[in-house]
Amino acid sequence: MHSTLFNVAFDCTDAYELARFWSQVVGRPLNDDDLPGESTAAIALPTGLHLYFAEVAEPKTQKNRVHLCLQPEGPRDEEVERLLTVGATVAADRRNPDGTGWVVFTDPEGNEFCVLRSAAERAAGESVSCDRAAH
């Protein structure tokens, strides 16, 4: 017997608005029945995994112990610029002069996530997976 990952849950103060942000990040719509003012919202990803957002009373007060690492379809640096336009904030820029590395962002409620290099960039680059090993 084993378990399969079904969703990644985000505690938040505004489920609908945070889900709208992540919808833009992953390019997938919110579930059809998610409306402004509701305490939960979700996004189904093509992999079968879901991003789930639930309102809680407590604010975020410290660094996440778990965060998402995103691998863009195109060049990492183009994705970094796109995410800035949808409301992400750079928390740490871990890009290296040789093109390796990643960028740490926060979403509008302060949850950390990283943008790695694309698969093509990784295949063309280094043999060590610094994107993974450094986390």
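Let me begin with a term: contact means that heavy atoms lie within 4.5 Å. Please also bear in mind that this is a predicted model.

After the helix comes G27, whose phi is positive, near 70°.

Which residues of α1 are buried? They are A15, Y16, L18, A19, F21, W22, S23 and V25. What covers these buried residues includes the strands β1 (7–12), β2 (40–44), β3 (50–55), β4 (68–70) and β7 (112–115), together with helix α2 (76–85).

I now come to the aromatic rings. How many aromatic pairs does the structure hold? There are six. In one of them, the ring centres of F10 and F53 are 4.9 Å apart and the planes stand at 20°, so this pair is stacked. The pair links distant parts of the chain, as F10 belongs to strand β1 and F53 to strand β3, 43 residues apart. F10 counts as buried at 8% relative accessibility, and F53 is buried with a relative accessible area of 0%.

The rings of F105 and F113 also form a stacked pair, because their centres are 5.4 Å apart and their planes are at 20°. F105 is buried, at 0% relative accessibility, and F113 is likewise buried at 0%.

Notes
Residues numbered from 1 in each chain as written. Predicted model: local features only at pLDDT ≥ 70, side-chain atom pairs only at ≥ 80, totals over all residues. Heavy atoms only, no water. Buried < 20%, exposed > 50% of the residue type's maximum accessible area, 1.4 Å probe, protein only. Helix = DSSP H or I, 4+ residues; strand = E, 2+ residues; numbered from the N terminus. Phe/Tyr/Trp six-rings, centres within 6.5 Å; stacked < 30°, edge-to-face > 60°.
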